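Me: I have some questions about the terms used for this model. Please set each value against its definition.

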2 protein chains.
Amino acid sequence: MPKVRIAGFGVSQDGFSAGPNQSLENPLGVGGPKMFGWFFPTQTFRAMHGGEGGTTGVDNDFAHRAMDGFGAFILGRNMFGPVRGPWPDEEWKGWWGDNPPYHAPIFVLTHHARDPIVMQGGTTFYFVTGGIHEALRLAKEAAGEKDVKIGGGVSTVQQYLKAGLVDSIHLAVVPEFLGQGEALFQDIDLPALGFAVTEKVVTDAATHLVLEKK
Amino acid sequence: MPKVRIAGFGVSQDGFSAGPNQSLENPLGVGGPKMFGWFFPTQTFRAMHGGEGGTTGVDNDFAHRAMDGFGAFILGRNMFGPVRGPWPDEEWKGWWGDNPPYHAPIFVLTHHARDPIVMQGGTTFYFVTGGIHEALRLAKEAAGEKDVKIGGGVSTVQQYLKAGLVDSIHLAVVPEFLGQGEALFQDIDLPALGFAVTEKVVTDAATHLVLEKK
(Lines give C-alpha, C1' and ligand atoms only; values in the text may rest on other atoms or scores of the structure.)
Protein backbone atom coordinates (compact mmCIF):
# COMPACT_ATOMS: atom_id res chain seq x y z
CA MET A 1 0.00 0.00 0.00
CA PRO A 2 1.33 3.44 -0.83
CA LYS A 3 2.08 5.54 2.21
CA VAL A 4 1.76 9.15 3.22
CA ARG A 5 5.17 10.18 4.48
CA ILE A 6 6.97 13.08 6.05
CA ALA A 7 10.66 12.61 5.27
CA GLY A 8 13.92 14.44 5.59
CA PHE A 9 12.30 16.89 7.96
CA GLY A 10 14.95 18.73 9.93
CA VAL A 11 14.36 19.79 13.50
CA SER A 12 16.65 21.50 15.98
CA GLN A 13 17.36 20.14 19.46
CA ASP A 14 14.96 22.70 20.83
CA GLY A 15 12.21 21.61 18.47
CA PHE A 16 12.22 24.18 15.69
CA SER A 17 11.95 23.17 12.03
CA ALA A 18 12.23 26.64 10.57
CA GLY A 19 13.63 29.90 11.77
CA PRO A 20 11.63 33.07 12.36
CA ASN A 21 11.01 35.80 9.76
CA GLN A 22 10.77 33.81 6.54
CA SER A 23 11.35 36.05 3.54
CA LEU A 24 12.65 36.08 0.00
CA GLU A 25 16.16 36.34 1.44
CA ASN A 26 15.55 33.73 4.14
CA PRO A 27 13.22 31.10 2.66
CA LEU A 28 13.84 28.83 5.65
CA GLY A 29 13.64 31.66 8.15
CA VAL A 30 16.63 33.11 9.98
CA GLY A 31 18.87 30.23 10.99
CA GLY A 32 16.68 27.77 9.10
CA PRO A 33 19.46 26.41 6.86
CA LYS A 34 21.03 24.88 9.99
CA MET A 35 18.21 22.32 9.86
CA PHE A 36 19.74 21.07 6.61
CA GLY A 37 23.36 20.75 7.67
CA TRP A 38 23.04 16.97 7.27
CA PHE A 39 21.42 17.31 3.82
CA PHE A 40 23.27 19.97 1.83
CA PRO A 41 26.60 18.11 1.64
CA THR A 42 25.06 14.86 0.37
CA GLN A 43 25.37 13.43 -3.11
CA THR A 44 21.57 13.35 -3.25
CA PHE A 45 21.20 17.08 -2.62
CA ARG A 46 23.94 17.96 -5.07
CA ALA A 47 22.47 15.75 -7.77
CA MET A 48 19.05 17.35 -7.19
CA HIS A 49 20.57 20.63 -8.25
CA GLY A 50 22.61 19.27 -11.15
CA GLY A 51 25.82 19.09 -9.18
CA GLU A 52 28.35 16.29 -8.78
CA GLY A 53 30.17 14.74 -5.85
CA GLY A 54 28.84 15.04 -2.32
CA THR A 55 28.91 12.68 0.61
CA THR A 56 27.68 9.12 0.61
CA GLY A 57 26.81 7.12 3.71
CA VAL A 58 24.00 7.33 6.23
CA ASP A 59 23.05 10.98 5.74
CA ASN A 60 22.95 10.47 2.00
CA ASP A 61 20.91 7.28 2.36
CA PHE A 62 18.30 9.18 4.35
CA ALA A 63 18.44 12.09 1.91
CA HIS A 64 17.79 9.67 -0.94
CA ARG A 65 14.88 8.02 0.89
CA ALA A 66 13.48 11.48 1.61
CA MET A 67 13.32 12.45 -2.06
CA ASP A 68 12.97 9.22 -4.02
CA GLY A 69 9.93 7.08 -4.74
CA PHE A 70 7.26 9.73 -4.30
CA GLY A 71 4.47 10.02 -6.84
CA ALA A 72 3.23 13.36 -5.58
CA PHE A 73 4.07 16.06 -3.05
CA ILE A 74 1.96 18.37 -0.93
CA LEU A 75 3.37 21.74 0.11
CA GLY A 76 1.98 24.58 2.13
CA ARG A 77 1.62 27.95 0.52
CA ASN A 78 4.44 29.39 2.61
CA MET A 79 6.80 26.63 1.53
CA PHE A 80 5.96 27.39 -2.09
CA GLY A 81 6.98 30.99 -1.67
CA PRO A 82 7.03 34.23 0.31
CA VAL A 83 3.95 35.69 -1.41
CA ARG A 84 1.01 36.09 0.99
CA GLY A 85 -2.65 36.76 0.19
CA PRO A 86 -4.06 36.80 -3.36
CA TRP A 87 -1.56 36.11 -6.16
CA PRO A 88 -0.62 39.54 -7.55
CA ASP A 89 0.46 37.98 -10.88
CA GLU A 90 1.80 34.74 -12.36
CA GLU A 91 5.42 35.61 -11.69
CA TRP A 92 6.25 33.48 -8.67
CA LYS A 93 6.93 29.87 -9.61
CA GLY A 94 8.53 28.50 -6.45
CA TRP A 95 12.02 28.68 -5.01
CA TRP A 96 13.45 25.97 -7.23
CA GLY A 97 14.05 27.45 -10.69
CA ASP A 98 12.73 26.19 -14.03
CA ASN A 99 13.43 22.52 -13.27
CA PRO A 100 12.41 21.84 -9.65
CA PRO A 101 13.90 18.76 -7.96
CA TYR A 102 10.50 17.11 -7.46
CA HIS A 103 9.80 15.66 -10.93
CA ALA A 104 6.22 14.90 -9.94
CA PRO A 105 2.94 16.71 -9.37
CA ILE A 106 3.01 19.16 -6.48
CA PHE A 107 -0.19 20.14 -4.73
CA VAL A 108 0.11 23.54 -3.08
CA LEU A 109 -2.36 24.35 -0.30
CA THR A 110 -3.69 27.87 -0.70
CA HIS A 111 -6.77 29.97 -0.13
CA HIS A 112 -6.28 31.65 -3.50
CA ALA A 113 -6.99 29.82 -6.75
CA ARG A 114 -4.42 29.83 -9.51
CA ASP A 115 -3.90 27.92 -12.75
CA PRO A 116 -1.46 25.02 -12.69
CA ILE A 117 2.15 25.76 -13.63
CA VAL A 118 3.94 23.19 -15.76
CA MET A 119 7.65 23.28 -15.04
CA GLN A 120 10.50 21.41 -16.70
CA GLY A 121 11.42 17.86 -15.68
CA GLY A 122 7.95 16.58 -14.86
CA THR A 123 7.08 18.96 -12.04
CA THR A 124 3.67 20.62 -12.20
CA PHE A 125 2.37 22.89 -9.46
CA TYR A 126 -1.36 22.54 -8.79
CA PHE A 127 -3.08 24.97 -6.44
CA VAL A 128 -5.66 23.41 -4.15
CA THR A 129 -8.18 25.62 -2.39
CA GLY A 130 -10.31 22.76 -1.00
CA GLY A 131 -8.23 22.00 2.09
CA ILE A 132 -5.88 19.25 3.23
CA HIS A 133 -8.21 16.29 2.61
CA GLU A 134 -8.88 17.43 -0.94
CA ALA A 135 -5.17 17.93 -1.58
CA LEU A 136 -4.40 14.46 -0.25
CA ARG A 137 -7.11 12.89 -2.38
CA LEU A 138 -5.67 14.55 -5.50
CA ALA A 139 -2.11 13.66 -4.51
CA LYS A 140 -2.94 9.98 -3.92
CA GLU A 141 -4.75 9.84 -7.23
CA ALA A 142 -1.74 11.34 -8.99
CA ALA A 143 0.76 9.15 -7.13
CA GLY A 144 -0.89 5.84 -8.00
CA GLU A 145 1.23 3.07 -6.51
CA LYS A 146 3.84 5.48 -5.17
CA ASP A 147 3.99 7.26 -1.82
CA VAL A 148 2.80 10.80 -1.20
CA LYS A 149 5.16 13.15 0.59
CA ILE A 150 3.95 15.91 2.87
CA GLY A 151 6.82 18.23 2.07
CA GLY A 152 6.20 21.01 4.59
CA GLY A 153 6.34 23.52 6.08
CA VAL A 154 5.65 23.09 9.74
CA SER A 155 2.03 24.20 9.64
CA THR A 156 1.18 21.83 6.80
CA VAL A 157 2.95 18.92 8.48
CA GLN A 158 1.11 19.63 11.73
CA GLN A 159 -2.27 19.77 10.02
CA TYR A 160 -1.75 16.38 8.37
CA LEU A 161 -0.42 14.83 11.57
CA LYS A 162 -3.33 16.11 13.67
CA ALA A 163 -5.80 14.81 11.10
CA GLY A 164 -4.25 11.35 11.44
CA LEU A 165 -3.36 11.20 7.75
CA VAL A 166 0.37 10.46 8.01
CA ASP A 167 1.81 6.92 8.06
CA SER A 168 5.51 7.53 8.47
CA ILE A 169 7.83 10.30 9.66
CA HIS A 170 11.57 10.67 9.22
CA LEU A 171 13.05 13.42 11.33
CA ALA A 172 16.65 14.57 11.13
CA VAL A 173 17.40 16.05 14.53
CA VAL A 174 20.36 18.38 14.17
CA PRO A 175 22.69 19.30 17.04
CA GLU A 176 21.72 22.95 16.89
CA PHE A 177 19.60 25.27 18.99
CA LEU A 178 17.54 27.81 17.10
CA GLY A 179 15.91 29.47 20.10
CA GLN A 180 12.93 30.65 18.08
CA GLY A 181 11.04 29.82 14.94
CA GLU A 182 8.36 27.33 14.03
CA ALA A 183 7.97 24.77 16.83
CA LEU A 184 7.34 21.39 15.21
CA PHE A 185 6.03 19.60 18.30
CA GLN A 186 3.72 22.36 19.54
CA ASP A 187 0.43 20.59 20.32
CA ILE A 188 1.63 17.50 18.44
CA ASP A 189 1.42 14.37 20.60
CA LEU A 190 3.11 11.73 18.47
CA PRO A 191 2.55 8.80 20.89
CA ALA A 192 -1.14 9.70 21.18
CA LEU A 193 -1.29 9.80 17.38
CA GLY A 194 -0.05 6.21 17.39
CA PHE A 195 3.58 6.75 16.39
CA ALA A 196 6.55 4.85 17.77
CA VAL A 197 10.24 5.09 16.88
CA THR A 198 11.16 2.23 14.53
CA GLU A 199 14.60 3.36 13.46
CA LYS A 200 17.36 5.45 14.98
CA VAL A 201 20.68 6.14 13.30
CA VAL A 202 23.14 8.74 14.50
CA THR A 203 25.70 10.60 12.40
CA ASP A 204 27.87 13.60 13.20
CA ALA A 205 25.33 15.79 11.44
CA ALA A 206 22.01 14.43 12.69
CA THR A 207 20.09 11.85 14.65
CA HIS A 208 17.84 10.20 12.11
CA LEU A 209 14.60 8.98 13.66
CA VAL A 210 11.91 7.12 11.79
CA LEU A 211 8.50 6.89 13.41
CA GLU A 212 5.72 4.68 12.10
CA LYS A 213 2.15 4.11 13.10
CA LYS A 214 1.94 1.16 15.47
CA MET B 1 35.32 30.40 39.60
CA PRO B 2 32.47 28.21 40.81
CA LYS B 3 29.71 27.79 38.25
CA VAL B 4 25.96 27.56 38.30
CA ARG B 5 25.11 24.43 36.34
CA ILE B 6 22.17 22.48 35.08
CA ALA B 7 23.37 18.90 34.58
CA GLY B 8 22.02 15.49 33.78
CA PHE B 9 18.79 17.07 32.65
CA GLY B 10 16.84 14.66 30.48
CA VAL B 11 14.71 15.86 27.60
CA SER B 12 12.70 13.93 25.05
CA GLN B 13 13.07 14.40 21.30
CA ASP B 14 9.91 16.44 21.36
CA GLY B 15 11.22 18.71 24.08
CA PHE B 16 9.60 17.46 27.27
CA SER B 17 11.59 17.05 30.48
CA ALA B 18 8.78 15.67 32.59
CA GLY B 19 5.53 13.93 31.85
CA PRO B 20 2.08 15.27 32.66
CA ASN B 21 0.19 14.64 35.90
CA GLN B 22 2.96 14.51 38.49
CA SER B 23 1.77 12.72 41.62
CA LEU B 24 2.95 10.61 44.51
CA GLU B 25 2.79 7.58 42.22
CA ASN B 26 4.40 9.40 39.28
CA PRO B 27 6.99 11.81 40.70
CA LEU B 28 8.36 12.46 37.21
CA GLY B 29 4.93 12.64 35.64
CA VAL B 30 3.45 9.97 33.41
CA GLY B 31 6.21 8.72 31.11
CA GLY B 32 8.78 10.86 32.94
CA PRO B 33 11.11 7.98 33.84
CA LYS B 34 11.88 7.59 30.13
CA MET B 35 13.93 10.78 30.47
CA PHE B 36 16.29 8.81 32.71
CA GLY B 37 16.78 5.71 30.59
CA TRP B 38 20.43 6.75 30.15
CA PHE B 39 20.88 7.36 33.89
CA PHE B 40 19.21 4.54 35.83
CA PRO B 41 21.50 1.73 34.56
CA THR B 42 24.73 3.61 35.42
CA GLN B 43 27.13 2.77 38.20
CA THR B 44 26.71 6.34 39.46
CA PHE B 45 22.96 6.04 39.86
CA ARG B 46 23.21 2.64 41.53
CA ALA B 47 25.88 3.84 43.95
CA MET B 48 23.70 6.87 44.79
CA HIS B 49 21.14 4.45 46.10
CA GLY B 50 23.54 2.12 47.85
CA GLY B 51 23.62 -0.40 45.04
CA GLU B 52 26.51 -2.06 43.25
CA GLY B 53 27.38 -2.72 39.64
CA GLY B 54 25.88 -0.66 36.85
CA THR B 55 27.27 0.50 33.55
CA THR B 56 30.46 2.43 33.05
CA GLY B 57 31.34 4.45 29.97
CA VAL B 58 30.00 7.68 28.52
CA ASP B 59 26.54 7.66 30.13
CA ASN B 60 28.11 6.94 33.50
CA ASP B 61 30.72 9.66 33.00
CA PHE B 62 27.97 12.20 32.38
CA ALA B 63 25.94 10.84 35.30
CA HIS B 64 28.96 11.29 37.54
CA ARG B 65 29.58 14.83 36.30
CA ALA B 66 25.90 15.57 36.89
CA MET B 67 26.02 14.62 40.58
CA ASP B 68 29.59 15.18 41.71
CA GLY B 69 31.38 18.35 42.76
CA PHE B 70 28.39 20.40 43.79
CA GLY B 71 28.45 22.35 47.02
CA ALA B 72 24.73 23.09 47.01
CA PHE B 73 21.58 22.33 45.06
CA ILE B 74 18.47 24.34 44.26
CA LEU B 75 15.18 22.52 43.72
CA GLY B 76 11.70 23.72 42.91
CA ARG B 77 8.94 22.96 45.34
CA ASN B 78 7.37 20.47 42.92
CA MET B 79 10.62 18.57 42.57
CA PHE B 80 10.84 18.31 46.34
CA GLY B 81 7.44 16.67 46.50
CA PRO B 82 3.83 16.40 45.44
CA VAL B 83 2.50 18.60 48.29
CA ARG B 84 1.01 21.88 47.03
CA GLY B 85 0.07 24.97 48.99
CA PRO B 86 0.86 25.45 52.70
CA TRP B 87 2.66 22.54 54.40
CA PRO B 88 -0.04 20.56 56.21
CA ASP B 89 2.56 19.08 58.61
CA GLU B 90 6.24 18.16 58.80
CA GLU B 91 5.74 14.70 57.34
CA TRP B 92 6.99 15.11 53.79
CA LYS B 93 10.79 15.01 53.60
CA GLY B 94 11.40 14.58 49.88
CA TRP B 95 11.32 11.58 47.56
CA TRP B 96 14.72 10.30 48.53
CA GLY B 97 14.41 8.56 51.90
CA ASP B 98 16.39 9.26 55.08
CA ASN B 99 19.73 9.58 53.31
CA PRO B 100 19.18 11.56 50.08
CA PRO B 101 21.83 11.25 47.38
CA TYR B 102 22.76 14.93 47.50
CA HIS B 103 25.02 15.08 50.58
CA ALA B 104 24.97 18.85 50.52
CA PRO B 105 22.62 21.70 51.40
CA ILE B 106 19.47 21.83 49.26
CA PHE B 107 17.58 25.07 48.84
CA VAL B 108 13.94 24.44 48.03
CA LEU B 109 12.00 27.28 46.39
CA THR B 110 8.60 27.67 48.00
CA HIS B 111 6.01 30.28 48.89
CA HIS B 112 5.46 28.61 52.26
CA ALA B 113 8.03 28.90 55.03
CA ARG B 114 9.17 25.78 56.84
CA ASP B 115 12.02 24.93 59.21
CA PRO B 116 15.11 23.25 57.75
CA ILE B 117 15.17 19.45 57.74
CA VAL B 118 18.47 17.79 58.57
CA MET B 119 18.71 14.44 56.83
CA GLN B 120 21.36 11.75 57.08
CA GLY B 121 24.54 11.89 55.01
CA GLY B 122 25.04 15.65 54.97
CA THR B 123 21.84 16.67 53.20
CA THR B 124 19.82 19.48 54.74
CA PHE B 125 16.71 20.88 53.12
CA TYR B 126 16.32 24.65 53.51
CA PHE B 127 13.09 26.31 52.43
CA VAL B 128 13.53 29.65 50.70
CA THR B 129 10.58 32.00 50.33
CA GLY B 130 12.59 34.96 49.01
CA GLY B 131 12.71 33.93 45.34
CA ILE B 132 15.31 32.58 42.94
CA HIS B 133 17.95 35.28 43.49
CA GLU B 134 17.81 34.80 47.24
CA ALA B 135 18.06 31.02 46.86
CA LEU B 136 21.07 31.36 44.59
CA ARG B 137 22.79 33.75 46.99
CA LEU B 138 22.33 31.27 49.82
CA ALA B 139 23.39 28.32 47.66
CA LYS B 140 26.57 30.06 46.48
CA GLU B 141 27.43 30.99 50.04
CA ALA B 142 26.93 27.39 51.13
CA ALA B 143 28.82 25.95 48.16
CA GLY B 144 31.96 28.02 48.67
CA GLU B 145 34.46 26.99 45.98
CA LYS B 146 32.19 24.33 44.57
CA ASP B 147 29.53 24.62 41.85
CA VAL B 148 25.83 25.13 42.47
CA LYS B 149 23.42 22.83 40.68
CA ILE B 150 19.98 23.93 39.58
CA GLY B 151 18.42 20.53 40.02
CA GLY B 152 15.00 21.14 38.56
CA GLY B 153 12.22 20.81 37.74
CA VAL B 154 11.45 22.45 34.46
CA SER B 155 9.89 25.62 35.86
CA THR B 156 12.86 26.23 38.17
CA VAL B 157 15.37 25.60 35.41
CA GLN B 158 13.49 27.98 33.11
CA GLN B 159 13.37 30.72 35.72
CA TYR B 160 17.14 30.56 36.28
CA LEU B 161 17.85 30.43 32.55
CA LYS B 162 15.64 33.41 31.78
CA ALA B 163 17.25 35.40 34.58
CA GLY B 164 20.65 34.77 32.96
CA LEU B 165 21.98 33.07 36.10
CA VAL B 166 23.13 29.76 34.57
CA ASP B 167 26.67 29.19 33.26
CA SER B 168 26.51 25.65 31.93
CA ILE B 169 23.87 23.15 30.80
CA HIS B 170 24.19 19.43 30.21
CA LEU B 171 21.18 17.95 28.46
CA ALA B 172 20.67 14.25 27.88
CA VAL B 173 18.39 14.04 24.85
CA VAL B 174 16.72 10.64 24.89
CA PRO B 175 15.33 8.94 21.77
CA GLU B 176 11.78 9.03 23.09
CA PHE B 177 8.68 11.04 22.33
CA LEU B 178 6.53 11.98 25.30
CA GLY B 179 3.85 13.89 23.41
CA GLN B 180 2.90 15.97 26.41
CA GLY B 181 4.33 17.18 29.66
CA GLU B 182 6.58 20.04 30.69
CA ALA B 183 8.12 21.63 27.61
CA LEU B 184 11.70 22.56 28.48
CA PHE B 185 12.30 24.94 25.58
CA GLN B 186 9.01 26.83 25.76
CA ASP B 187 9.99 30.52 25.56
CA ILE B 188 13.61 29.59 26.24
CA ASP B 189 15.91 30.99 23.55
CA LEU B 190 19.28 29.45 24.39
CA PRO B 191 21.26 31.19 21.60
CA ALA B 192 19.80 34.56 22.64
CA LEU B 193 20.79 33.76 26.23
CA GLY B 194 24.37 33.37 24.99
CA PHE B 195 24.67 29.59 24.98
CA ALA B 196 26.49 27.54 22.37
CA VAL B 197 27.06 23.78 22.16
CA THR B 198 30.58 22.97 23.38
CA GLU B 199 30.33 19.20 23.65
CA LYS B 200 28.29 16.50 21.93
CA VAL B 201 28.61 12.80 22.66
CA VAL B 202 26.14 10.21 21.47
CA THR B 203 25.36 6.88 23.08
CA ASP B 204 22.59 4.37 22.43
CA ALA B 205 20.66 5.86 25.33
CA ALA B 206 21.13 9.60 24.82
CA THR B 207 22.70 12.46 22.95
CA HIS B 208 24.69 14.32 25.57
CA LEU B 209 24.93 18.01 24.80
CA VAL B 210 26.84 20.51 26.87
CA LEU B 211 26.11 24.19 26.32
CA GLU B 212 28.18 26.98 27.81
CA LYS B 213 27.91 30.73 27.80
CA LYS B 214 29.98 32.14 24.95
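Me: What percentage of the 214 residues of chain A count as buried?

Reply: In this predicted model, 43% of them count as buried. A residue is buried if 20 or more other C-beta atoms, placed from the backbone, lie within 10 Å of its own. Local features need pLDDT of at least 70 and side-chain atom pairs 80 or more, while totals for chains, interfaces and linings use all residues. Residues are numbered from 1 along each chain as written, with chains lettered from A and ligands numbered from 1 in written order.

Me: Why is chain A called as compact as a globular protein of its length?

Reply: Chain A has five helices (DSSP runs of H or I, at least four residues) and 11 strands (E, at least two). Its radius of gyration, taken over C-alpha atoms, is 16 Å.

Me: What makes strand E3 of chain B largely enclosed?

Reply: Six of the seven residues in E3(B), residues 70–76, are buried, so the rest of the structure largely encloses this strand.

Me: How do you know that E3(B) pairs with E7(B)?

Reply: Pairing takes at least two DSSP bridges. Five join E3(B) to E7(B), and the strands run parallel. Leu75(B) stands opposite Gly152(B) there.

Me: What makes E3(B) and E4(B) a pair?

Reply: Four bridges join these parallel strands. Ile74(B) stands opposite Phe107(B) in E4(B).

Methods. A residue is buried if 20 or more other C-beta atoms lie within 10 Å of its own, exposed if 12 or fewer, and partly exposed in between; C-beta atoms are placed from the backbone. The radius of gyration is taken over C-alpha atoms; the globule rule is 2.2 Å times the number of residues to the power 0.38.
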